[in-house]
Amino acid sequence: MGDKCSVKKSVIGRHCRIGSNVKVVNSVIMDHVTIGDGCSIQGSVVCSNVQLQERVVLRDCQVGAGYVVSSGSEHKGESLAKKEKQ
């Protein structure tokens, strides 16, 4: 965990990397998740092997396994997942 992190009413899985100035509130972060600097996560579920780049804002979202959320993006009430190959 980096500097000035805040984790409240949340569950953090194993082998997670959390950057500086990150806020995690009322969320579930599963195993092997990387959270970049300055991210804010509220009321969300982040599945395994997800990468959140810098300054990502998630509110009431579900993020599927292996998904990469690009830096500076904001999502509210969305489900983010990889497109299945057909």
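The model is a predicted one, so everything here is read off computed coordinates.

Going along the sequence, the pattern simply reads β-β-β-β-β-β-β-β-β-β-β-β-β-β.

As for overall dimensions, the C-alpha atoms fill a box of roughly 45 × 25 × 20 Å along the principal axes. The radius of gyration is 12 Å, which agrees with the value near 12 Å that a compact globule of 86 residues would have.

Contacts tell their own story. Taking pairs at least 6 residues apart in sequence, 0% of the contacts in the chain join residues at least 24 apart. Burial comes next: 28% of the 86 residues count as buried, meaning under 20% relative accessible area. The chain exposes about 5500 Å² in total, and carbon and sulfur atoms supply 44% of that area.

Finally, the charges. The chain carries 12 positive side chains and 8 negative ones. The centres of these two sets lie 2 Å apart.

Methods
Residues numbered from 1 in each chain as written. Predicted model: local features only at pLDDT ≥ 70, side-chain atom pairs only at ≥ 80, totals over all residues. Heavy atoms only, no water. Helix = DSSP H or I, 4+ residues; strand = E, 2+ residues; numbered from the N terminus. Rg over C-alpha atoms; globule rule 2.2 N^0.38 Å. Buried < 20%, exposed > 50% of the residue type's maximum accessible area, 1.4 Å probe, protein only. Contact = heavy atoms within 4.5 Å. Areas by Shrake-Rupley, 256 points an atom, 1.4 Å probe, with all protein chains shown as cover. Lys, Arg positive; Asp, Glu negative; His and termini not counted. Charge placed at Lys NZ, Arg CZ, Asp CG, Glu CD.
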